[in-house]
Amino acid sequence: MHEVHSQVQPFNTKSGCGDFVVTLDRDDGLLISLGDVAGHGEPDVGGLARKLVAYLKEHSAEPLPTLLEGLRSIPGVSERGVSLFLGLLDNQLPLLHYYLLGDIRAYRLKDGDASTLVSHEGPLGISPPELTRFHSLKAHPLETFIIHSDGIASATVSLLPSKALALKPAELLQEILKLGRNSADDAACVLFRCSSGSHSLQRPPRATSTVKPSETLKASSAAEPVQLPSTRPSLPFHKLSDHEKLASITSAPEARLFCTLLFEVVELDNYQQARLESYLLEALHQGCRSIETFADNLRLQLQLPYSAQTARLGESLFGREAINTSAHLITVTLATSTQLDSPTRVRLGHLMSEQNYTQYADRRRRDELLAQQAKLAAMGEMIGAIAHQWRQPLNELGLRVQQLQLHQHKAGLNTDEVDQYAADSLQLITHMADTIDDFRDFFSNKQESKTFDVAQVIQDVHRLQSAQLKNNSIEFRSSGESFEVRGHASYLKQVLFNLISNSKDAFKERGTVVPRIELSLDPSTRTLTLKDNGGGVEEDFLHRIYEPYYTMKPHGKGTGLGLYMSRMLMIDHLHGTINSSNWHTGNESGLITELKFSAAKESS
Amino acid sequence: MDEQAEQPLRGLNLVCADDETTALTILAEILNSAGATVRTAKDGLQALEIIRTHPTDAVIADIQMPVMDGTALIKTLRAEGFDRPILAVTGASKHDAESILASGADHYISKPVITTELIHTLVTDLRGTK
């Protein structure tokens, strides 16, 4: 009932293929797994991929968390690391449950737009198990999901939303492989589309007397499609978790953890605690996979896609009044009024134990520190640029003042001369003020996210850098037709500024005789390419240049944060990608960096 | 004495090179009113031509110039045996001073140029050695 298509292409036969796809129909849904074993062209890669596939097939009926644990324990996984998507497209409810680890891209195409699924941490076997998160999201009928390995350029997918509805899934898959396949790598892509009808409508109607555990409330009573309730409890109830995602529960230990956290947050008497815990465990057992929590000062509300049986249990435990069938809500009275502090909310939202939360908080702090340092480094660069940018007009202004004095001494000044002098000077001063504005805008993150013109950004950055480029005799060219990108223009400016800065440093270090930076735009692929002739980066280090604190510059010159931040900005804020490679022709060589942007929203 | 104070550069032939023509024109005017004969050039190559063909007592050269930059100009002049004072003017930061002086310049002046100081330097160098 769900449509699924996949393709795997090895790049050579020697090592076997490290990429794999497994799709299997099971009772509760469609199991989809796409993986990429780390290591390029090494002999054991293909073997390990085959082991993973065999394990998935053999244990396909197991719940996702168990399956993931099983895969994690396969010998070789923790030595190599495996990027993995492991998902289940639910047959009962319009939900996609999944794990997404390492360098796998997952998208959903919806309403002519491609959005990225949340991925976490490093590959399987490398990142700590407790940081691996399980997700559930609503999967609407006819929504297409695309999962692919790094053998396919991620930007390709962004080109496809418009075609998603017009093309058949198989054709769409071919299109992706045609457009984005990297000939130097294994590639795997799987594409699946939720069935067009509702989930329950396609199931044979059941006799009301034989209520099956997994059956949902609505499905048993009416021929209406089952949807997760979209209505939220009205005020004064507020959401307990800070996180927007559903708190997803997949195992009994997770349910217990959830209860423990919940009881830390809201005060329930012992009876209520016991009832709630047994209720949640039962709901889980009956196939309920997600839950949202709301509370006001007196009551706790749980919203979950429960089954008829679970609903009856709820009635018997909490009373008929406690159950709101249409909104799938259960209301529990609290022992005393409750105040919620923010860390507990976050923990509840992420289903984290105290220890995991500490790790999570540490990582957040580290990321913030990193961002702070990167910003300081960028500020330093910027101050240098302002100094250069101001030197020339300051010089001219200085000379004008001295000229004024001279004219006054020689013959005295007449009104016209003073006016002319004032006009010329003001023009220079305005120019300097504009420069300051440019720089201020550059760092302002307060601007709204909106559609901006890429060529305009290039022009702005060129203006900011013009003095430095000129002082270093760097030729700057820009060509190609512009296109529009949605996001913060200032972020793209920062990225370009970093790249130009790096080129400039490369020219200096390598002593490039005729330094040159070429920017070109290609609207058809929505790509901005920056090419310099600064000698490039040693092939062995090329893959590391986007890592934090990694720098090729002499000690004290580079922070190792510029490219790292650029990558973050490109992915998180500009919905694109950034990649660098070396080029050589004749006696020239350098670095090419490609910024690819996903398709612009057609509306607005 | 008065005349000396009014026109401290009287009788001197100077060459000024800078591609920022407005700044160059004003500088030339100020030096000219201090008594010097000033020839201007928009780049290093032009400056080189002028210096080769005209008697020159001192050169004031911007470092960042197209065609032939200040450093190349100074090196060429020194290689050709030009032994008069050369003042390098630059908008670049102080730590580049060393390499500029190493190319053969006698002085290093950073922008914005204060003409009284520039004139003082010229007078000390030229009148002192004469």
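Q: What makes a residue pair count among the eight in polar contact across the interface of chain B and chain A?
A: In this predicted model, eight residue pairs across that interface are in polar contact, both residues being at pLDDT 80 or more. Such a contact is a pair of N or O atoms within 3.5 Å; within protein, one must be able to donate a hydrogen and the other to accept it, and residues adjacent in sequence count only if both atoms are side-chain atoms.

Q: Why is the meeting of A:Lys470 and B:Asp19 called a salt bridge?
A: A salt bridge requires a side-chain nitrogen of Lys or Arg within 4 Å of a carboxyl oxygen of Asp or Glu. The side chains of A:Lys470 and B:Asp19 meet at 3.3 Å, N to O, and therefore qualify. Two salt bridges are counted between chain B and chain A.

Q: Why are helix 9 and helix 10 of chain A called roughly antiparallel?
A: Helix 9 (residues 270-285) and helix 10 (residues 308-318) of chain A pack at about 175°, with axes 10 Å apart. Axes are lines fitted to C-alpha atoms over the stretch in contact, and angles run from 0 to 180 degrees between N-to-C directions. Angles over 145 degrees count as roughly antiparallel, so this pair of helices in chain A receives that name. Helices here are DSSP runs (H or I, at least four residues), numbered from the N terminus.

Residues are numbered from 1 along each chain as its sequence is written, and chains are lettered from A in the order in which they are written. Local features need pLDDT of at least 70, and side-chain values use heavy atoms, leaving out hydrogens and water.

Methods
Helix = DSSP H or I, 4+ residues; strand = E, 2+ residues; numbered from the N terminus. Parallel < 35°, antiparallel > 145°, perpendicular 65-115°, else oblique.
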